[in-house]
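Morning, everyone. Let me put the structure up, and then we'll walk through it.

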Amino acid sequence: MPRVKFQTLTEQMFYILLCLRNECCGMDILDRVPAMTNGRVNVGSGTLYNLLEQFLEMGVICETKVEGRKRSYILTQKGREMLDREYERIRAQVDDYKKAFEEEDK
Amino acid sequence: MKERKFIPMVFNVYDCDGMERFFEKQAENGWMLEKVNAMGAHFIKCEPKKVKFSVNFLPKGSMFESEKSEKYEDFKELSEHNGWKLISVKSPHMFFCAEHENPLPIETDPVLKVKTVHNAVKRIQLPLEIFWAVICLLNIFAWGFLLIINGVGSGDTLVDLSRVLAVVFPAGAEAFITAEIVHYIRWHKKAQKLAEEDDEFLSPKGGVTYLLTACLLSLAGMAFGVLSTSSVAALPYVFATMLFVLAAVAVLYAVSSIMKKLNASEKTNRAVFIVILAIICAASLAAGIVFGALSA
């Protein structure tokens, strides 16, 4: 099944958007994602560049300032809603998992 | 002792993995990539070493994008932050290397990687292939037209070797282009499936470009077409037309290259390219009509 654009987020997308709850630039994201996940998730520079362009186009993030080559971004309301939907989806999965195993354990 | 060497690049636009393996092998043999230009790759002598290469497309990049554009600079800065060193930019490719072990790949999402490659092929390789396929078809139609005019039985269209080759070569070129397009479509379908289902990137294994072979075959076809012409009086016009086309194509690419060096925007460069191409096509058509009139 082809992945519908941003209907569900990949881990990399999720953590990039999570980093952007506070204003930061591309290089900050490259450092923060592995730090947040203890190195479990890493984002390649090409993938980040590509996703930032797509997020900007969709209005999920916006550019806040440009200092020389350094561009900073922040999450928009639309982006926050997208993250919230993803959070709800993951939480629903966790709840279903718990329910399934709690019933088995009883 | 030779300190530098040059190798023509005959890879498909989308065969980035093939290029990476090629550069890595050269480095292992003591030749480090120095730069890449329209003709091929330049290497400089070095100690044999293991170097990891990464050949990437600028997302939504095009062959008209200036190598000095901000987009390339932004991509380069992000990649340098992750330990990659930019060696060369040849639109739409960027050539990076990393000498430390296990560098984090530049592309870490196979689905996005397949999409980026697909966009580049749609913007760059496919229009060229279609353009060349049309040229080959025109050659074949012209031959068929002559066959009908001269009559299948009466003329020497099917007997004269150079006349036969004048259609065999473009037909071969057409077959090569079709094979290349089919090869790409099959790869794209498989790569998309593998990326979505298994989160893996399928290497295209394109090898030598079919397009280059197709260009050579169709040019050979045109040459035999000229040799087989029965009108001696028209020959100078034919040669003049061919020289004009070659010179015009050289001018076309030179102008595009100069505009890139002057950091002209992608849209301006594309527009100028299309205008010059339209002039070449119109002039070639006019020359063809004159040639036809002289032959008749």
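First, a caution: this is a predicted model. Start with α1(A) and α2(A). Their crossing is right-handed. The residues of this contact divide into six nonpolar, no polar and one charged. Here are the names. From α1(A) come A:Tyr15, A:Ile16 and A:Cys19. From α2(A) come A:Ile29, A:Arg32, A:Val33 and A:Met36.

How do the axes lie? Helix α1 of chain A covers residues 11-19, and helix α2 of chain A covers residues 26-36. Their axes come within 10 Å and cross at roughly 110°. That angle makes α1(A) roughly perpendicular to α2(A).

Helix α1(A) has another contact to show you, with α4(A), residues 77-105. The axes are 10 Å apart, and the packing angle is about 130°. So α1(A) is oblique to α4(A). Which hand does this crossing have, left or right? α1(A) passes α4(A) in a left-handed crossing. On the α1(A) side, look for A:Phe14, A:Leu17 and A:Leu18. They meet A:Gly79, A:Met82, A:Leu83 and A:Glu86 in α4(A). By class, that contact has five nonpolar residues, one polar and one charged.

Next, where the chains touch. Chain A gives 18 residues to the contact, and chain B gives 20. Which helix supplies the largest share of the chain A side? That is α3(A), with seven residues. On that side, α2 and α3 of chain A each supply at least two residues. Sorted by class, the side of chain A that touches chain B has six nonpolar, nine polar and three charged residues.

Over to chain B, and its sheet. The sheet is open, with three strands in the order β4-β6-β5, and the pairing is antiparallel. β4 (52-57) and β5 of chain B stand at the edges. Each has a single partner strand, so one side of each is left without a neighbour in the sheet. On average, neighbouring strands are turned by 20° against each other, direction ignored.

Take one pair in detail. β4(B) and β6(B) run antiparallel, and six bridges join them. To find your place, pick B:Lys52: opposite stands B:Ala98 in β6(B). A helix packs on this sheet too: α2 of chain B, residues 70-81. That helix touches β5 and β6 of chain B. Its direction makes about 155° with that of β5(B).

Last, some backbone details. Where is the cis peptide bond? It joins B:Ser91 and B:Pro92, with omega about 5°. B:Pro92 is in the loop between β5 (85-90) and β6 (93-98) of chain B.

Then, positive phi. A:Asn38 has phi near 55°, a positive value in a residue other than glycine. A:Asn38 lies in the loop between α2 and α3 (45-58) of chain A. Is A:Asn38 buried or exposed? Exposed: 7 other C-beta atoms lie within 10 Å of A:Asn38, and 12 or fewer counts as exposed.

In chain B, look at B:Asn102. Phi is near 45° there, again positive in a residue other than glycine. B:Asn102 sits in the loop between β6 and α3 (110-150) of chain B. B:Asn102 is exposed too, because 8 other C-beta atoms lie within 10 Å.

That's the tour. Questions, please.

Definitions and conventions. Residues numbered from 1 in each chain as written. Chains lettered and ligands numbered in written order. Predicted model: local features only at pLDDT ≥ 70, side-chain atom pairs only at ≥ 80, totals over all residues. Axes fitted to C-alpha atoms, helices over the stretch in contact; angles between N-to-C directions. Helix = DSSP H or I, 4+ residues; strand = E, 2+ residues; numbered from the N terminus. Parallel < 35°, antiparallel > 145°, perpendicular 65-115°, else oblique. Left-handed = near helix turned anticlockwise from the far one by under 90°. Contact = placed C-beta atoms within 7 Å. Nonpolar A, V, L, I, M, F, W, Y, C, P; charged D, E, K, R; others polar. Buried ≥ 20, exposed ≤ 12 C-beta atoms within 10 Å, placed from the backbone. Pairing = 2+ DSSP bridges.
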